[in-house]
There are 2 protein chains.
Amino acid sequence: MAHPQTRPGRQLVLNLFIYPGGHHEAGWRYPGSSPERLLDISYYQDLARSAEAAKLDAVFFADGPAQVDNIRYASRFRLEPLTWLSAIAAATTRIGLIGTASTTYYEPYNLARLYASLDHLSGGRAGWNIVTTAVPQASGNFGLAETPSHAERYARAAEFVDVVTKLWDSWEDDALVADAASGLFADDTKIHPIEHVGRHFRVKGALNTPRSPQGRPVYVQAGSSDDGRSFAARYAEAIFTAHQTVDSAKAFYADIKRQAESLGRSPDHVKILPGISPYIGSTEAEAQRLYEELNDLIQPAYSIAQLKQITGIDFTGHPLNAEVPLDAFKDAGPAKQVASRFQLVVDIVKREKPTLRQVIDRLAGARGHYVAVGTPERIADEIQLWFENKAADGFNIMPPWFRGGFDLFASEVVPILRRRGLFRHDYTGRTLREHYGLPRPESVYATEARATA
Amino acid sequence: MAHPQTRPGRQLVLNLFIYPGGHHEAGWRYPGSSPERLLDISYYQDLARSAEAAKLDAVFFADGPAQVDNIRYASRFRLEPLTWLSAIAAATTRIGLIGTASTTYYEPYNLARLYASLDHLSGGRAGWNIVTTAVPQASGNFGLAETPSHAERYARAAEFVDVVTKLWDSWEDDALVADAASGLFADDTKIHPIEHVGRHFRVKGALNTPRSPQGRPVYVQAGSSDDGRSFAARYAEAIFTAHQTVDSAKAFYADIKRQAESLGRSPDHVKILPGISPYIGSTEAEAQRLYEELNDLIQPAYSIAQLKQITGIDFTGHPLNAEVPLDAFKDAGPAKQVASRFQLVVDIVKREKPTLRQVIDRLAGARGHYVAVGTPERIADEIQLWFENKAADGFNIMPPWFRGGFDLFASEVVPILRRRGLFRHDYTGRTLREHYGLPRPESVYATEARATA
């Protein structure tokens with residue numbers, strides 16, 4: 001069967017961002033949700049199979065090693081990504097598997113093993129979303145009196161990535177021989193202790209497992225601060241980011257691509273992927289009604305507590321329908337908060353002069369990510385606009401609730417993107433690197449060996 | 001169909017100990033082995049499905065966070081157990097999944113999450129083999145100048161187990177409500193920060209995931225030193241151990257059960273599981289030939305290096321067919337070696353006055369575990385003898401090579417054990433605790449709440 005060709009050149013990336021209960025904070029209450037199955041692996045395996053049937057690039061799990069506050073009214077527990085994705089790998093064959101893990105609270109040797117293993121057992125579908133973990137509750141779970149500073153976390157992250165990169169490269173691709181006749185199992189001249197000695201880590205290596213199908217997992221990153229951007233430009237192959245407007249996303253896109261290029265990297269090898277939370281209806285009015293139905297399920301006391309976590313400001317007592325004064329933010333700052341999320345709220349207040357209720361609704365929708373409300377055509381238009389205007393290379397799809405919120409996107413929006421030649425009809429590769437159009441990196445030790453030969 | 005009854009009371013436990021390439025050090029070279037599939041998850045999923053078809057209790061993976069020496073001639077890399085078992089969980093429904101992880105080189109919060117997740121996604125089939133990691137190469141991968149002392153490792157292990165136990169208990173069983181109608185997601189009065197402050201760890205908690213089906217994974221332990229035994233008697237629900245004779249195993253069995261009982265525990269809730277490596281032939285001569293065929297594949301240079309790792313003594317140059325002098329051991333000691341493995345070699349030399357070749361063959365067979373060579377009836381006799389004489393509650397089956405070495409055991413030995421009423425015809429439970437006949441522990445916080453009510 002002949003398909004209209006995907007346009008040559010850039011290829012739209014679409015990931016499914018899986019969040020237990022959905023990305024709207026009350027999504028788990030929405031009719032058709034299955035809150036009784038939130039710990040049932042088959043529920044997530046089914047979801048990943050649906051994403052694979054829609055030919056999406058990857059599924060993605062966020063993470064943080066702490067129980068955050070406000071669990072009373074929202075599904076804010078965590079599924080451990082490495083184990084969960086390994087079980088999903090077993091139920092799928094093509095879709096990429098991106099898990100988040102913290103450079104602040106993991107040991108590089110342990111983390112290198114987990115991702116190498118996920119890449120092996122999935123046949124080359126692993127991605128690592130590199131985070132430094134700002135959530136203040138985490139430090140207390142790891143013996144620290146307080147969260148390390150932003151700068152300190154990023155310094156550790158950079159060294160961490162250097163260490164695990166060397167570990168993933170420490171077996172050259174052809175080190176494993178396994179020749180029964182001669183009895184040679186491995187060519188140990190191609191297995192390299194990494195002998196890393198740095199400010200944060202001393203790691204001898206080598207890794208205790210052969211090199212994985214992709215060589216290394218795909219490096220994903222999500223920081224939007226200055227430190228985060230320069231880190232991403234240096235290391236990331238895909239960047240998850242939150243933008244409320246196409247202009248903000250365009251500026252971010254241009255900045256990252258320019259920084260990557262100035263470091264000698266191909267800008268095509270850094271995919272910019274904003275989040276988008278689609279509220280889909282067959283008419284604009286129906287979509288708007290859907291959005292309002294979900295917002296009607298919000299518990300304001302919960303939302304005000306969440307807003308306090310992001311901004312440090314307690315709006316308890318402020319009337320829901322009164323405008324949020326910009327003044328309220330002037331003495332506050334992102335001391336203990338995620339800097340980029342704090343700024344995002346300030347920008348909304350500055351730009352839109354919203355009521356407290358409107359701020360709450362906006363954040364409830366997708367924690368500060370872009371909320372798109374409309375018909376399938378309108379959502380597809382929006383995606384195309386961002387893609388063609390170099391505001392995005394693709395998107396993290398953040399369904400307000402599961403499964404319905406995703407099923408609507410897969411059945412209504414994806415076919416439009418496909419008809420417009422923006423999205424693949426079928427996979428052309430087997431690995432996540434192939435889906436993203438990224439090269440497979442050679443081991444640094446193989447390169448060294450050639451240089452000295 | 002009526003089956004002969006399994007005898008009332010004690011139930012034989014059988015685990016499959018999966019070791020890439022087989023437990024004989026040259027097993028990966030044996031005809032029918034698949035060294036080209038050692039990193040192929042479907043190979044291990046198939047193996048686990050076969051073990052499940054034979055109604056075994058569990059599959060088990062050893063582990064250590066380091067690349068050990070002597071990989072040139074033996075399949076001595078590692079599969080990361082948590083990810084690997086998660087993918088195996090997805091391909092099976094009943095069999096237990098026991099993975100090894102180190103208390104010396106993991107953070108308790110990270111490890112608690114991984115095992116809770118494995119228990120969730122497998123429907124209650126997780127077991128944790130608690131090790132303190134003696135292998136000297138590991139410390140250098142975690143920034144340590146040397147391996148912590150035996151006493152220090154066990155002190156940390158005890159505190160580590162206390163911490164993760166509290167983390168696994170930190171959500172009471174009924175804390176997750178997920179009631180869409182009322183909007184109550186979790187009863188946060190039943191989620192408990194653990195506020196642990198100890199010599200090795202400060203961990204606030206709570207865990208960030210609801211309590212798992214088994215409450216906690218089954219606690220398994222493998223130490224045979226004095227520290228190891230008292231640790232096991234206090235915490236372990238199953239003990240993996242290595243014995244060359246039924247008398248040695250009986251003494252160990254009696255000691256552990258007595259220690260457990262003196263701590264107020266039921267001796268039935270500590271399963272003693274020695275390793276057994278079966279070389280099965282339809283006649284004794286055929287079994288012996290099989291054993292010799294595998295030993296003929298050994299590379300002596302490799303084996304002498306291995307013996308040096310265990311004993312600290314270099315036998316290079318000692319004629320293979322000359323007796324090993326007991327004198328050689330008098331100035332050596334288990335300084336950097338695993339104490340119990342060192343002693344095991346000394347005992348063999350003392351008892352059997354073997355040649356160097358014989359010592360090498362013995363260790364090649366199963367790294368010091370019991371090697372049983374004979375017909376299926378003879379292997380079954382041996383298992384029955386150990387079981388009925390309280391030398392074992394069951395066994396870790398250590399096939400010399402895969403898959404053939406296991407398939408023979410499953411098809412030839414298991415049916416005999418079943419006919420003799422020693423082993424189950426089918427699973428009667430769904431969780432590993434149920435297979436082992438262990439109770440499901442209540443959360444310590446639920447107990448506290450009742451006590452203060």
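In the predicted model, the accessible surface of chain A amounts to about 16300 Å², and carbon and sulfur atoms contribute 51% of that area. Of the 453 residues in the chain, 62% are classed as buried. The charged side chains of chain A comprise 50 positive and 53 negative groups, with the centres of the two sets 1 Å apart.

The secondary structure of chain A consists of 14 helices and 13 strands. The chain is as compact as a globular protein of its length, because its radius of gyration of 22 Å is close to the 22 Å given by the globule rule for 453 residues. Taken along the principal axes, the box filled by the C-alpha atoms of chain A is roughly 75 × 60 × 45 Å. Among contacts in chain A with a separation of 6 or more, 78% are between residues 24 or more positions apart.

Strand E3 of chain A, spanning residues 96-102, is mostly covered, with 7 of its 7 residues buried. In a regular strand, side chains alternate between the two faces of the sheet. Both faces of E3(A) are covered: one side carries A:Gly96, A:Ile98, A:Thr100 and A:Ser102, the other A:Leu97, A:Gly99 and A:Ala101, and all of these residues are buried. E3(A) pairs in the parallel sense with strand E2 of chain A (residues 58-61), over 4 bridges. Within this region, A:Phe61 has A:Gly99 of E3(A) as its bridge partner, and A:Gly99 is itself one of the buried residues of E3(A).

Technical notes
Residues are numbered from 1 along each chain as its sequence is written. Chains are lettered from A and ligands numbered from 1 in the order in which they are written. This is a predicted model: local features need pLDDT of at least 70, side-chain atom pairs count only at pLDDT 80 or more; totals for chains, interfaces and linings use all residues. Side-chain values use heavy atoms; hydrogens and water are left out. Helices (H or I, at least four residues) and strands (E, at least two) are DSSP runs, numbered from the N terminus. The radius of gyration is taken over C-alpha atoms; the globule rule is 2.2 Å times the number of residues to the power 0.38. Buried means under 20% relative accessible area, exposed over 50%, partly exposed in between (1.4 Å probe, protein chains only). Contact means heavy atoms within 4.5 Å. Accessible areas come from the Shrake-Rupley method with a 1.4 Å probe; for residues, only the protein chains shown count as cover. Lys and Arg count as positive and Asp and Glu as negative; His and the chain ends are not counted. The place of a charge is taken as NZ of Lys, CZ of Arg, CG of Asp or CD of Glu. Two strands pair if DSSP finds at least two bridges between them.
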